[in-house]
Amino acid sequence: MRHPLKSPFLILALALALAPACKPKPKPEPAVKPAVKAEKPLNKSVVKVFTTVQKVDFYEPWKPGTQAQQEGCGVILPGGHILTTSHITNKSNYIEVQKFGQTKRYVAKVEQVGYDLDLSLLSIEDQEFYKDTEPVEFGDLPSPGDKVTVQGGDELSVKQDTISGLDMFWSTEAGRFLPALITYTDVDNKNNGCPVFLNGKFIGLPFEVVHSPEKTASLLPVNVVQRFLEGVKDGKTYDGFPDLGVEVQTLENPTLQSYEGLPADKTGVVVTKVLYQGSAEGLLKEGDILTAIDGHPIDNEGDINLVKNQRIDYSYLITFYQMGQSVSLDIFREGKAQSLMVPLKPLPRLVSYRSDDTHPTYYLYAGFVFVPLTTSYFQSKAAYKPSFKKLMQQGLPSPQRQEVVLISHVLPHDINVGYDKQFNLIVDKVNGMPITRMKDLITALGKPAGRYQVIEIDEHAWFGSKIVFEAAKAKKATAEIMAELQIPEDRSKDLGKGN
Amino acid sequence: MQTISNRRSLLPLLALLACLAFPAAAPAREDSLRKSLVKIFTTVQNPNYYEPWMVGAQENVSGSGCVIEGRRILTNAHVVANQIFIQVLKDGDTKKYTAKKEFVANDCDLAVLKVDDPAFFRGTKPVQFGGLPSLKDKVEVYGYPVGGEELSITEGGISRIELITYAHSMKQLFCIQTNAAINPGNSGGPVFNRKKMVGVAFQGYNGAVAQNTGYIVPVQLIKRFLSQVKKKRYSPVPTLGIYTESMENDSLRAYYGMKKSQMGILVSQVVYQGSAWNKLKENDVLLSIDGFPIANDGTVRFGRGGRLNFAYPLCLHKIGDKMPCKILRGKKNMTVTLTLKDDARLVPFVKYDEKPSYLIFGGLVFTPLNLNYYQSAKGTPPPSFFSLYFDGLPSPKRKQVVLVSHILSHEINKGYGARYSNLIVEKVNGIPITEMKDLKKALAQPQEGRQVIEFEDPGFEDVGDKIVLDAAKADQATREILAKNNILADRSEDLK
């Protein structure tokens, strides 16, 4: 019997918010703002950016998608590149830049993208553009209470803000925690990429605006921007910022601290999980206590004392490393202090975050549309499924599953009668072979078990467990479906060439 | 969207009424059916599953009902769910009498009330039951829906007979659909066909979703309920405890060795301790149930030309009945007899008239996950809960999902604080926690003077975190926490 509880009614009624809770620690603003002399706008450095983006359809990934216009602003850097946020240039096919008070727009192109920092670097060929412009100067990291100015909006106008602190903050665009200067602000989503200045020097770029409980904006601090620029120096392609690849628990409770074997005069956090394919795999173990990173002692809350007497989570430091560099850790293992170097790798993910999804991966076979679960797919018109949400927020890769391979939906044809109403099924095995990622599919479908192709669905599928169809007819059926629906390719480019 | 009729719903139309002038009512023709009609007023005390030592908000709801043989009143279970006080008013009367809930069948949304004062039944006439109506038969719905205070009678026909999800229990049961208007307040009211009662109005759709789509508990389920009430023991409609897949694809049928003429559905999962546990297996093809042959699309024949979901025969049975099933296992025909049981769920649907289960230890609030908890939890519960609710199945290793729902602050749990909420307990002092009952034994065996609570891997954040408490101080701390928070008991009755 089909489960009675799975009615669409409940699915709608209990729909949840997507982003995991983030933990800003905004410091209260003084009730009366002290009068500060307004700063001069930096009209020669701040520009408007207009983009035309191709919204790729992750549900029907063979379709080119529809166009949309976006706008924001950017800032001219020493060397001539223009810095803006990647979420306005993501998937763009045409970009224009306009100087303050001018009507002419200059064509720009994306030079480098740092999706995980929500940064994008543009270049302009037409040298005329640079006439009468001034690149910004990089400032120092501001302190809480510093009065800063934001320049942006339709008219590139100037607004005042106060820095309230530095923290690790969740970025919806990047899908991970980023170092952030927090401000209470009037900046809204329209001000994508509008730069923030202190005493005329560039100190950050907003990446996230949170509207509740109070409106705060998170700025990507200038030192992280500089680290990004360092990473793309001499035309190197940006390869992301690394992650230690561990989960830790803080040791604030004295009983927990003694249980984990940390002497009372020491501080640190305990490693509770070492991520598969992460930096620390094979180097750290569950139960290790991290006591210092790069020589900075880690306290029982996981913070280090680094920036102008502000405490910040130890993972802040990792943001400044390039991929492949090593970080030095002091640990406490089985009662003994040790030091080790950990070469840094990317954060392992089971479900790719939307910023990475530039080109959807798909494979079409006998009308079954196979796709990997990605955030963009989830946000397309694909039906809501609670287990997907769990995988997206909480899924970690393992040797058994490096991608979640789905049958997104079924294009109806004689061969798939009886399955054609199904959608969002997680594929477990094909012809007895475990499917750990999309590439496995193609191999497995090439080896049918006798007369039939047998697809096994994850045991918690609402619909059942098996899809069986005739192997001999599949190729012809695929061709017929593609012809009927005008689908040019049976697979995305990253999966290689079809037959 | 399906909504339960009745329920806190008298407000929206009142403004409209104020601007209409009513003509003097013409004297109504004598209608003997009205003598069975009762309006029901219920005061509801909602439970608080998040802070289970406290009660939730009170509210007043109203519904309809009818007098049945034996000086009883029949209504919907949801009209009197979580009640603390019920009053009933005869049609045309002015005095409200106090009533008591006598029997309830939450699964098919029916309840029987009794009234101690014999004066109440003076002048009433019990309804007479008819048989199952056919499509297009005319029906009249009696009740007290929104829009006014007096009796409302709406007319329509039977538009569909099918298995429908009952919103009060989320069980899929036999049901009649009508195009007669059924609105909030109609719940529990009788539906007549040629002066005979053929069902009880119980749910409808939000008008934005569908109109003229009202649902009626059919007379069969009412008779089934009342015959069990006579024996003073109600048995819910059993479930098979299997997940199935339709077999409409020729290749799928051939793969499982079915002949061209054979029809059936594929068993894809068998629920632990459900009716089919140890009887049916994954990859069995279910050919017939209780003598009803099952078609490839999972339906059985019903009446002349109609088809119903194959769960229909279950509606005619009770827990403990034997049910023969014909199956194809490994291409061989077999007959298996199931002993029918109730739904086996890991995360139960909303419960009514029950006290939440909880245990407080060192400030940690342990409680089982159920839909009541999900609905009353503060903030957004993690997506894994939702997943468990839909897809979670019980197993010997996990009969309940035991949570630390939140932590009541005290020095003993310093450092854990508000960060830890909605965590699924895996082990306490190394002992696996399969249900709430396991906690007591496990907490009595601290490890080297510490209480060690381990949680299920939530995947992303707080992975592998443990809560470790000083065992020597825990009992004293619990007493202090109870006193500070005005909590009478450290655990619910069921765990004492």
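A residue counts as buried if 20 or more other C-beta atoms lie within 10 Å of its own, as exposed if 12 or fewer do, and as partly exposed in between. Keep that in mind as you click through this predicted model.

**Stop 1: A:D294.** Select A:D294, in the loop between β15 (289–293) and β16 (296–297) of chain A. Because 15 other C-beta atoms lie within 10 Å, A:D294 is partly exposed. Now look at the backbone: phi is positive, about 55°, although A:D294 is not a glycine.

**Stop 2: A:A366.** Next, stay in chain A and go to the loop between β21 (363–365) and β22 (368–372), where you will find A:A366. Here too a residue other than glycine has a positive phi, this one near 50°. A:A366 has 24 C-beta neighbours inside 10 Å, so A:A366 counts as buried.

**Stop 3: the domains of chain A.** Zoom out and colour chain A by domain: domain 1 (46–130), domain 2 (137–235), domain 3 (246–343) and domain 4 (354–495). Taken over C-alpha atoms, the centres of domain 1 and domain 4 of chain A are separated by 34 Å. Their contact takes 11 residues from domain 1 of chain A and 16 residues from domain 4 of chain A. On the domain 1 side, you can pick out 6 nonpolar, 2 polar and 3 charged residues.

**Stop 4: B:M170.** Finally, switch to chain B and select B:M170, in the loop between β9 (152–166) and β10 (171–178). B:M170 counts as buried because it has 21 C-beta neighbours inside 10 Å.

Conventions. Residues numbered from 1 in each chain as written. Chains lettered and ligands numbered in written order. Predicted model: local features only at pLDDT ≥ 70, side-chain atom pairs only at ≥ 80, totals over all residues. Domains from an automatic or database assignment. Contact = placed C-beta atoms within 7 Å. Nonpolar A, V, L, I, M, F, W, Y, C, P; charged D, E, K, R; others polar. Helix = DSSP H or I, 4+ residues; strand = E, 2+ residues; numbered from the N terminus.
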